Amino acid sequence: MNAPARFDSLPRFASSLKAIESLKPSEPLYLVHPEKFAAAAKQFLDGFDGDVLYAVKANPHPIALRHLWDAGIRHFDTASLGEIESVKGLLPDAICHFMAPVRLAGQAKCAFELHGVTDFVVDSESELDKLLAETGDPKKLRVFVRLVASLGGALLEMSSKYGCRPEEASKLLKRVAQAGALPCLTFHVGSQCLSPFSYAQAIEIAQRTITLSGVEIAALDIGGGFPTAYAGQEPPPYHWYFDMIKEALANLGKHDLKVMCEPGRALVAQGISLVTQVVMRRGDRLYLNDGIYGSFDEQRFAGFDEDYPPSGITLDAKGKAKILTGEKRPFRAYGPTCDSADVLPRPVMLPDSIATGDFVLFDAMGAYTVSSRSAFNGYYPDGWAIIG
Ligand SMILES: *Cc1c(COP(=O)(O)O)cnc(C)c1O
């Protein structure tokens, strides 16, 4: 992950403008906002009635893990042995849950024996057999059967690759119970889910599965998908989601049911902004120093038509950083690599006065950015500073 060895000694500035003014970064610079990590974690820990698991793939960087831990997050949804090892390496007391339904051979065994992981997901008979064989002690396991929950409320669906329908899920639940493990259910309504109602519908699917199987489940994990605010879009407040979920859970009528959620994006998106420099302006084209192969990887997904809120910033004659004002116009923003596909899919709205050498600050860059950047063509965004 190329984490800075001592990220607690990163440069610190009072504001994003001060950081830009002082560093004049010619390479992409991630600005970390600790209070935003803390606020996001608090909303979930206070508002959600159950265990809050941070979905590590949204941002596995030690800076994100450490800030969430400091904010009180103790559970981690880890989908690979690599994620478990990075979480436990940094936070030895963290509780990891292996929430991927298809695991590489040997990873469940290693997670169980070396890292004390006892929660696993399955969506097929063969993965259940493999899990039981690798761990060898079913009484210690909670096995979550993953349901399909494609309800149309989310920008990125999460049910075409994993999950099974209630009929198949109920068979799996019975097999889990027969094997002596604790049967549980889980689903993912899709990422950036703008409809709180999707969770209620998915809980109904869980209810149908429970009824079909006749099995008492020990826990229900309602997955991730909680949205964050991007440019021009305020999603519904989280308490609408929590209220809707609470009501749907009450209808299940199981008071001792353990409940979990797995937010990824919602816990980290607002905690990081990104400073890019305009390497060159040519007409309505901006050539930036970061793009699709770096921090903007998620923009390549057709369904994900969300944009990171941009601000144009310039250094005035005295070297002071100023936010550019004035009427905005659309720019086509290219990344630094030689690939023609390295261009943001939608125009970036910025003041017409933006020029070569200026900066574009993108907010809400904490989720699925740092985690999926690549070093393609020799550009790897990895500058860091702390704000506040
Ligand atoms: C990716 C993922 C999450 C996190 O999803 P967000 O939309 O970022 O909240 C949670 N659970 C599972 C199983 C995932 O694959």
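Tutor: Let's begin with the largest cavity, whose volume is about 50 Å³ (the space filled by probe spheres set on grid points joined across faces, edges and corners). A cavity here is a set of points, on a 1 Å grid over the protein atoms alone, where a 1.4 Å probe fits but cannot get out; a pocket is an open set with protein on both sides within 12 Å along at least five of seven lines, and lining residues have an atom within 4 Å of a point. This is a predicted model, where local features need pLDDT of at least 70, side-chain atom pairs need 80 or more, and totals for chains, interfaces and linings use all residues. Residues are numbered from 1 along each chain as its sequence is written, and side-chain values use heavy atoms, leaving out hydrogens and water.

The count comes to one cavity of 30 Å³ or more. Residues lining the largest cavity include Asn289, Asp290, Gly291 and Tyr293, and also among them are Pro336, Thr337, Asp342, Phe376 and Tyr379. That lining has five nonpolar, five polar and two charged residues (Ala, Val, Leu, Ile, Met, Phe, Trp, Tyr, Cys and Pro count as nonpolar, Asp, Glu, Lys and Arg as charged, the others, Gly among them, as polar).

Now turn to the largest pocket, which holds about 470 Å³ of space. Of its 28 lining residues, Lys57, Arg146, Met158, Tyr162 and His188 are closest to the centre. By class, the pocket lining has twelve nonpolar, eight polar and eight charged residues.

The ligand sits in this largest pocket (more than half of its atoms lie within 2 Å of the pocket's grid points). An oxygen atom of the ligand is 2.8 Å from a backbone N or O atom of Gly225, and a ligand oxygen atom lies 2.9 Å from a polar backbone atom of Gly264. A ligand nitrogen atom is 3.1 Å from a side-chain N or O atom of Asp77.

Notes: A polar contact is a pair of N or O atoms within 3.5 Å; within protein, one must be able to donate a hydrogen and the other to accept it, and residues adjacent in sequence count only if both atoms are side-chain atoms.
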